[in-house]
Amino acid sequence: MSYQRPKGTNDILPGESNKWQFVEETARLVFSDYQYQEIRTPIFEHYEVIARSVGDTTDIVSKEMYDFHDKGERHVTLRPEGTAPIVRAYVENKLFGPEFKKPYKVYYTGPMFRYERPQKGRLRQFHQIGVEAFGSENPSLDVEVMAMAMDFFKQLGINQLRLVINTLGDKETRSNYRQALIEYLEAHEAELSEDSKRRLHENPLRVLDSKDRKDQPVVADAPSILDYLSDYAKKYFEGVTKTLEYLNIPYEIDHRMVRGLDYYNHTIFEIMSDAPGMGAQTTICGGGRYDGLVEELGGPETPGIGFAMGIERILLTLEQEDVMVPDATNLDAYVVGLGEATNMETLKVVQAIRGFGFSADRDFMGRKAKAQFKTADKEGAKLVLTLGEDELANGVINVKDSATREEKAFPLADLYENFAAIYDEMTAPKFD
Ligand code: ATP
Ligand code: MG
């Protein structure tokens, strides 16, 4: 009997995991420059937390939840996204209190779960890196958040990007626009897909987000939310666009962009990859403002803004743009042991080297000398140490610098005393 991983999931194997680390480490570095700190919340939440935040009529909640009743009959779900859990944690831990910095800035990374139709760049267990900033309603913060995402992609070496923005306005904007949209969609109801016919009455904005080909012509001519903005929403959006221009950050406005979660208002944005070969999934980052969500989950009136990026799609983009991911593996020393008698001493030597803070490895497979030297070379060991039975008897070890091929024997006692000195002596630049 042999088993396969669940549909829509991946094993991230060595060779691939170093790319993940590169992406995650770059995010940590960039986000910490912007004073964001990491937050970790549970992988599962009460169903209500997600349903209330993301919205009952969204695809995520109505079709894609990995929810179940646990043995205590609690209705829980694997988290489909990061914002709702963090808002829940923000309220539960009273992070709005006066002792906390404002805006309160956090980032997260981890797996998310959605029961979707798996395809390139679309999985059932996928991974996001995201950020949230609570407590400020200032267009400059919206722009800082977008700039940080762009900065992160630049640090990764991704260049073919587009920042697309829109506004969903405030409550007043939404209700004016909703009315106009319903009227328009009702006039075209017969042309809509079955899903969109249902959405039209439940949540008309969702029709604009439809991926169904059939809906595209109707969506293309739909009224623009930009024509229904309240004075405040208009002023806020202008604040954002002017600030983007002031900072020379290129952007486009797509008045049909709505995003797949109900909690958004005012500024929303997506970052798309224009790299060829991305397939249908080109959005690598999506985010926006969610003023009102903290209250919705029982907290005080608190504005918020954030984004989430799909790590799998970022990796696809890196591949499509031929970005060389730096190889993190690094081997300072490989210890070749010749003959069974050296087996124990060789382990003592690698352990000592590691104890001095260097990376080291040895053979465990009883390979012949030639094969061991080959391994040392393949792994890029800077120093190759050789311990044969004669050396062992004389208490010495042979050390070779792979770059210069220079060799020298050292007393084993010296190595145990201070390997760093041997390393420095062997690898120091030589001038003749
Ligand atoms: P899409 O429109 O592609 O379904 P979405 O609007 O549902 O995306 P968000 O919920 O905003 O996506 O999530 C933010 C980011 O997470 C997306 O831009 C994408 O990079 C990534 N993402 C979302 N769903 C998946 C998935 N099923 N598989 C892989 N990545 C995903
Ligand atoms: Mg989606």
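1. The lining of the second largest pocket is made up of six nonpolar, seven polar and eleven charged residues. The pocket's volume comes out at about 700 Å³. Of its 24 lining residues, Lys171, Tyr263, Asn265, Asp291 and Gly292 are the closest to the centre. Helix H2 (47-54), helix H6 (171-187), strand S9 (265-273) and helix H11 (293-296) are the elements that each give two or more residues to the lining.

2. Some ground rules. This is a predicted model, in which local features need pLDDT of at least 70 and side-chain atom pairs count only at pLDDT 80 or more, while totals for chains, interfaces and linings use all residues. Residues are numbered from 1 along each chain as its sequence is written, chains are lettered from A and ligands numbered from 1 in the order in which they are written, and side-chain values use heavy atoms, with hydrogens and water left out. A pocket here is an open set of points, on a 1 Å grid over the protein atoms alone, where a 1.4 Å probe fits, with protein on both sides within 12 Å along at least five of seven lines; lining residues have an atom within 4 Å of a point. Points are joined across faces, edges and corners, and the volume is the space filled by probe spheres set on them. Helices (H or I, at least four residues) and strands (E, at least two) are DSSP runs, numbered from the N terminus.

3. Now the H5 and H10 pair. Helix H5 (residues 139-156) packs on helix H10 (residues 231-246) at about 50°, axes 8 Å apart. Axes are lines fitted to C-alpha atoms, for helices over the stretch in contact, and angles run from 0 to 180 degrees between N-to-C directions. H5 and H10 are therefore oblique to each other (under 35 degrees is roughly parallel, over 145 roughly antiparallel, 65 to 115 roughly perpendicular, the rest oblique). Pro139, Ser140, Asp142, Val143 and Met146 of H5 touch Tyr236, Gly239, Val240, Thr243 and Leu244 of H10, contact meaning heavy atoms within 4.5 Å. By class, that gives six nonpolar, three polar and one charged.

4. H5 also meets helix H1 (residues 17-33): the axes come within 10 Å and cross at roughly 135°, so this pair is oblique. On the H1 side the contact has Phe22, Val23, Thr26, Ala27, Val30 and Phe31, facing Met148, Asp151, Phe152, Gln155 and Leu156 in H5. Eight of these residues are nonpolar, two polar and one charged.

5. H1 packs against helix H12 (residues 311-320) too, at about 105° with axes 11 Å apart, so H1 is roughly perpendicular to H12. Lys19, Trp20, Val23 and Glu24 of H1 contact Ile311, Glu312, Ile314, Leu315 and Leu318 of H12. There are six nonpolar, no polar and three charged residues here.

6. Two backbone spots to check by eye. Lys102 and Pro103 are joined by a cis peptide bond, omega about -10°, with Pro103 in the loop between helix H4 (83-92) and strand S5 (104-113). Asn248, not a glycine, has a positive phi of about 55°.

Note on methods. Nonpolar A, V, L, I, M, F, W, Y, C, P; charged D, E, K, R; others polar.
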